[in-house]
Amino acid sequence: MMIASCASLMSALVEPQMGAVLACCQPWIVRNLWLIPALPMAAAGLIALLKQPYKKAAAGLAIGSMFASFLLALCAFSRVLLSWHAGTETRYVLNFDWLSMGASSVQLGWVLDPLAAVMLVMVTFVGLLIFIYSVGYMAHDVNFTRFFCFLALFAGGMLGVIIANSLLLLFMCWEIVGLTSYLLIGFWYFKPAAAAAAKKAFLTTRIGDIFFLLGIAWLFAQTGTTLFYNYGAGAIESGALKVLLSQPGALGLTAAGGIALLIFAGAAGKSGQIPLHVWLPDAMEGPTPVSALIHAATMVAAGVYLVARVYPLMDAGAGPGQTTVALTVVAWIGAATALYGALVAMAQNDIKRILAYSTVSQLGYMMVGLATGGVAVGMFHLITHAFFKALLFLGAGSVIHGCHDEQDIRTMGGLRKEMPATFYTYMVGMLALSGFPIFFSGFWSKDAIVGSAHNWVGSQGPFWMLLTGALLTAFYMTRQIALVFFGKWRGDGHAHESPLVMTAPLGILAFFAVVLGVLGTPAWPWFTGFLESRAVPFDWAGFAEPGLLPLMGVASLIVFAGLGLGWMLYGSKPRETAEALDPVERALPTPFGWLAHRLYFDELYGVTVLRWYGWLAGLSGWLDTAVWGGLVALVAGGFRELGRVNKAVDTKWIDGSFDKGCEELVTGGGVLAWLQAGRSPGYLRLLAFGVLVLAGLALLASAVSGQVRL
Amino acid sequence: MFGVGVPFFLASFITLVGALAAATMRNLVHCALSLTVAFGGLALLYLQLGAQFAGFAQILVYIGAVAILVVFAILLTRGVGTSLIHVYARKWGLGLVIAAGVFALLGWALVTSLPGAQAVAEPEVSMLEIGRALMSTYVLPLEIVAVLLTVSLIGAVIVAMPEGKTKEDGR
Amino acid sequence: MTPLAAYLLLAALVFAIGLGIALTRRAAILVLIGIELMLNAANLNLIAFWRFGPHPEALTGMMFAIFSIAVAAAEAAVGLGLVIAYHRHSRTADLDAMTRMKG
């Protein structure tokens, strides 16, 4: 595909599209934007050719390509920044023909705008840090090279999703990301749990992808293009949107609404929204860097990014003070997911599973942010979440590494003494996630979401759900920290701190988890301005927005309440043994049991969907073996019988006739031989008889002719 | 009868008796000797017809050479204790029928097609004329016959030669 | 019946007898004897026709008969040589047993 696209690119350079900016006039970085995903993919290809022992080469290739992509992403970011400050157009688009079918053609392209730029920097930076971390984490693993091959391929796919200007290209890279997610979750494929988890992840996201593909097809059918931006002719630009709004969809929706919901279904699968969230916690079977990169920072964010990308479509038709059906659906599902994730996280005992449900919950927050407050609100939380969730996961990986691959928090405790670096960075991440006021980025991003939910025209339901979720978030994170780092050590053996190659990325991520908050404060909403390409002056008056300060106060109180409750239950009365009951469990055993069993979502699916699917598969199997197989067997049997008849005919008739012929020949030869046996008396007689006959004939002839008078 | 005299009947009687005897005798030597008698009768007939040379040639060659040859051959091919049990060959009746048929055909043709009596003067043939004819008109046949006789002589010798040495060489 | 007819009839009879000998007897040599008789009968025919036919001074008939005698003698020699050779090989002169080419 890359070769074809390069060829198409060359042709695009020679034959520009009508009204488009010539490719050669685009800035250098825009022309070479494709390098950003191509370099990690090329690295993955090269690593795939290496043998397992070449660990340094593999790691070097992967990290090198990621670093190069990071530099290019910084170039792209600076270009957008420059054009933002210059006040010119901040969206650069480069389209080319991929498939030409006569007059029409399928076009692909890439786009560089503030949204893409900020995502590029985030993904490459966090990815780079996680790559470096993996060198330490996977150092003792036999399949080191394979790991980096898949990681690089994933990075390439994810970056491709970000820069794609075409839904088709986005979908292709989406699939690459899904594939690598499967490969990485099931990295330790010899563990049955890991293999099953990988399959579950792939199939669940597949369900979302089916709807996504339907949406793409519908969009292409209605607008004739899959490009997002094409100088006015793109699928989410005003012309196409007018068309889509006028076409009816299903169930009283317009085509725009229908397509938007279908695309959201794909995003819901990838981003683990209810009901397609079931794969995310199981995905923790993969190595921790995988969980950090894919299931915290990047891949799950791809769904959010997709919704942000097609936001004009989702928002189409809604005037000021209104919201569309699609966005309402997104908001409610997001809120439900946020609450669900937080509830279930309270009752989990695996350090990574708590973080997994936390991710589910935070993804719900992002979706609500997008639906209620717009692209900037949702994306800001995505960026900050990427950093602190990656930090938390890497910290958890450090803890697991230090506790010799132990993951149950009931058997940990008091680790702040043995693993100080991990502890402090983990603390930073936890406070950011909980939304501790002012100093931590999580506060600003989550507060923006809560604020926009409060101001939403649709309903206040999401708002209350999000507040509850915030309370619970603080609560379960405190629980986790208390059980892991405080109290006394409940495990076997001794814990030890992780090497520098693992703790250095933790520190860098912690730094950003704090600092990034600066970009989104109401006083200086730099992030919002950047994404919307408008000027953003620093103004303390931003805080004076009506209702903002009280809301911030309420949110802070809730966070403190959660922290305090958690500390009260778990921190002040440290757990004695690993087998001791959880305080909440003691108090409310039944609800706790429900939560510990993830509200029985998996069981529900097992009873309903999986059973129906199994039945359908059984039916298909029966159909295949009995009916189609029967038909095939029938045909085959027919041919076999034909063959048998053929053979019989051949043996009996053809061979038989030939044999008979030969026999006849032999007999005839025998007869002829008998004739020539050398019986001279017989010959003599014959001779004499012949003479007699001939003489008689001659005489008769001459008598007839009158020569002889008889 | 037939306008021929008694000598004809006598000579023909001798010939026929000899021939029939040769046809029916068991002993091969007797057959050969009766053949000789038949040859003799034929010689008499030639003499009666005025072909003296032919008659004497008949006596010289046939009786004097061929008959002797036949007797020699019979004597040489006699096996020890071989006496032909059966005189006649298998299916001798068929042969007889064919021979009879031939005679019938010839006889019928003869009887029905010969013209009436014509008296022809007896030719005067002298040896001188015969000699002259042999050397002039019939010189080619003469020479050819000479070659033929040489070849047949050599051939007969080779054919009848014992195989002795060649058999051992050919092993 | 002319004298020619008588001679010819006799010749035919001798010929028939010679043929009968050749066809009905078992001994191989008797075939040769029969052949000789047949040849002789033909000779008689020739001489008879020479005597009673036109142009006896041309000596045609007699010459023919002479040559026939010579050829017959040569042929008898070769034939008997063959019989002797065969007899040396297989100790028999039985015509019915001379079927070495039986397939």
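The contact between the two chains takes 66 residues from chain C and 85 residues from chain B, where contact means heavy atoms within 4.5 Å. The model is a predicted one, in which local features need pLDDT of at least 70, side-chain atom pairs count only at pLDDT 80 or more, and totals for chains, interfaces and linings use all residues. Residues are numbered from 1 along each chain as its sequence is written, chains are lettered from A and ligands numbered from 1 in the order in which they are written, and side-chain values use heavy atoms, with hydrogens and water left out.

The size of an interface is often given as the accessible area lost when the parts come together. Between chain C and chain B, the buried area is about 6,700 Å². This quantity is the accessible area (1.4 Å probe) that two parts lose on being put together, summed over both. Carbon and sulfur atoms give 80% of the area between chain C and chain B. In chain C, the most area is lost to chain B by Arg25(C), Arg51(C) and Phe67(C). Together they account for 10% of what that side buries.

Three elements of chain C give two or more residues to the side that touches chain B: α1 (3-24), α2 (28-52) and α3 (60-90). Helices (H or I, at least four residues) and strands (E, at least two) are DSSP runs, numbered from the N terminus. The largest share of this side, 23 residues, comes from α3(C). By type, the side of chain C that touches chain B divides into 50 nonpolar, ten polar and six charged residues. Here Ala, Val, Leu, Ile, Met, Phe, Trp, Tyr, Cys and Pro count as nonpolar, Asp, Glu, Lys and Arg as charged, and the others, Gly among them, as polar.

Eleven residue pairs are in polar contact across the interface of chain C and chain B, both residues at pLDDT 80 or more. A polar contact is a pair of N or O atoms within 3.5 Å; within protein, one must be able to donate a hydrogen and the other to accept it, and residues adjacent in sequence count only if both atoms are side-chain atoms. Salt bridges between chain C and chain B number zero. A salt bridge is a side-chain nitrogen of Lys or Arg within 4 Å of a carboxyl oxygen of Asp or Glu.

Over all chains, the structure holds nine salt bridges. Arg206(A) forms one with Glu175(A), with the closest N and O atoms 3.0 Å apart. This pair links distant parts of the chain, 31 residues apart. Arg206(A) lies in helix α8 (residues 192-223) and Glu175(A) in helix α7 (residues 167-185) of chain A.

Chain A also has a hairpin, formed by β1(A) and β2(A) with two residues between them. Strands β1 (residues 92-101) and β2 (residues 104-112) run antiparallel and are joined by nine bridges. Two strands pair if DSSP finds at least two bridges between them. Phe96(A) has Leu108(A) of β2(A) as its bridge partner. In the turn, Gly102(A) has a positive phi of about 70°.

Two backbone details lie in loops. A cis peptide bond joins Ile274(A) and Pro275(A), with omega about 0°. Pro275(A) is in the loop between α10 (255-270) and α11 (279-282) of chain A. Leu59(C), a residue other than glycine, has a positive phi near 60°. Leu59(C) is found in the loop between α2 and α3 of chain C.

The predictor gives the complex an ipTM of 0.89 and a pTM of 0.63. Chain C averages a pLDDT of 87, where pLDDT is the predictor's confidence in each residue, from 0 to 100.
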